[in-house]
Structures are given as C-alpha cells and as structure tokens.
Amino acid sequence: MSQMEIDRVLAQIRNIAGAAKGGAIGGMGGLGGAAPTAPNGVNNGFANLLKQGIEKVNETQFKANDLATKFEKGVPGVELPQVMLEMQKANVSFRALAEVRNKFVDAYREIMNMPL
C-alpha cells in the first residue's frame, strides 16, 4: 500500500472523528433507542454514524471483490495493480472496523466490571 493510500484512509478516519466531535454524535441517546434528529430531519446520531462507517467498509469490500472477479475473467481495462490496490483498501478498512469493534467490546467489559 502506498503512502498516499494510507494518508487517504487516515483522512477518512479523521473526517469521521471530526464529524463525531462536531456534534454528529448526539450523546448516549443515539446508541440504542431513538437517535437525535437535527432540525432539518437528518438523523445524525452515533448509531447512524457507525452504520455509515460499516456500509462504507462493506462497499469497499464489494468493490474490491467485483474488481478481482473482473480481472479473473479477463475483462479488458482491469489491471492487476488496480485490483491489488482495491484489495488493500478493503483490507485496511476492515482492520480499522475490527479495531473499532474491539474498542467497543473493551469499553463494554470495562463498564460491566465497574463496581456499583
């Protein structure tokens, strides 16, 4: 993976973090029940943000698999470096998502072990 791709993935992560800090996360109310809704009717709760992230990772993986299939079938215009790049993007995205999941599990365990 090139430095440029790593920078792009990091920029995406920073954008998501910036959106979360900028009020896109509507507090704990957005986790389970009714997510807060902005005055313009856009749902910007944490659950929605997480859902968008998962959908982007899924989309990246689907695109990479589609490109790999096209390369295997010999579709003209699909080059090996392009396929490798998309596969790496999908891999990095999935690992990032797995890390987020691991942090959620750690936070859950920590909360469950808190004395009352």
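This briefing walks through one protein chain, from its overall layout down to a few side-chain pairs.

What you're looking at is a predicted model. The chain has three helices and zero strands, and from the N terminus on the order is simply α-α-α. The predictor's confidence averages a pLDDT of 82 over the chain, with 78% of the residues scoring at least 70.

**The big picture**

- The chain has 116 residues, and buried ones make up 17% of them.
- Take the contacts in the chain with a separation of 6 or more: 37% of them come from residues 24 or more positions apart.

- Among the elements, helix α3 (residues 80-112) has the highest mean pLDDT, at 95.
- Helix α1 (residues 3-24) sits at the other end, with the lowest mean pLDDT of 72.
- Then there's the stretch covering residues 24-35, where pLDDT stays under 50. The model still gives this stretch 24 contacts beyond four places in sequence.

**Helix α2 up close**

- Helix α2 covers residues 46-73, which makes 28 residues.
- From its first C-alpha to its last, α2 reaches 41 Å, close to the 40 Å expected at 1.5 Å a residue.
- Which residues of α2 are buried? They are Phe-46, Leu-49, Val-57, Ala-64, Leu-67 and Ala-68.
- Just after α2 comes Gly-74, which takes a positive phi of about 80°.

- The model has one aromatic pair. Its partners are Phe-46 and Phe-104, with ring centres 5.7 Å apart.
- Why is this pair called edge-to-face? The ring planes of Phe-46 and Phe-104 stand at 80°, and over 60 degrees counts as edge-to-face.
- Phe-46 lies in helix α2 and Phe-104 in helix α3, so the pair ties together parts that are 58 residues apart in sequence.
- The two partners have their own burial labels. Phe-46 is buried, with a relative accessible area of 16%, while Phe-104 is partly exposed at 37%.

- Ser-93 belongs to helix α3.
- Is Ser-93 buried or exposed? Ser-93 has a relative accessible area of 14%, and because under 20% counts as buried, that's the label it gets.
- Leaving out residues up to four places away in sequence, Ser-93 touches Val-57 and Thr-60.

**Salt bridges**

- How many salt bridges does the structure hold? It holds three.
- One of them pairs Lys-63 with Glu-86, and their closest N and O atoms are 3.9 Å apart. This pair links distant parts of the chain, with Lys-63 in helix α2 and Glu-86 in helix α3, 23 residues apart.
- Another joins the side chains of Glu-86 and Lys-89, at 3.0 Å from N to O. These two are three residues apart in helix α3, so about one helical turn separates them.
- Glu-86 takes part in both of those bridges, and salt bridges that share partners join Lys-63, Glu-86 and Lys-89 into one network.
- How covered are the members of that network? Glu-86 is buried, at 9% relative accessible area, and Lys-89 counts as buried too, at 11%. Lys-63, on the other hand, is partly exposed at 48%.
- There's also a bridge between Asp-66 and Lys-70, whose closest N and O atoms are 3.6 Å apart. Asp-66 and Lys-70 are four residues apart in helix α2, so they are separated by about one helical turn.
- Asp-66 counts as partly exposed at 35% relative accessibility, and Lys-70 is partly exposed at 35% as well.

Terms used. Residues numbered from 1 in each chain as written. Heavy atoms only, no water. Buried < 20%, exposed > 50% of the residue type's maximum accessible area, 1.4 Å probe, protein only. Contact = heavy atoms within 4.5 Å. pLDDT = per-residue confidence, 0-100. Phe/Tyr/Trp six-rings, centres within 6.5 Å; stacked < 30°, edge-to-face > 60°. Expected span 1.5 Å × (residues − 1). Salt bridge = Lys/Arg side-chain N within 4 Å of Asp/Glu carboxyl O.
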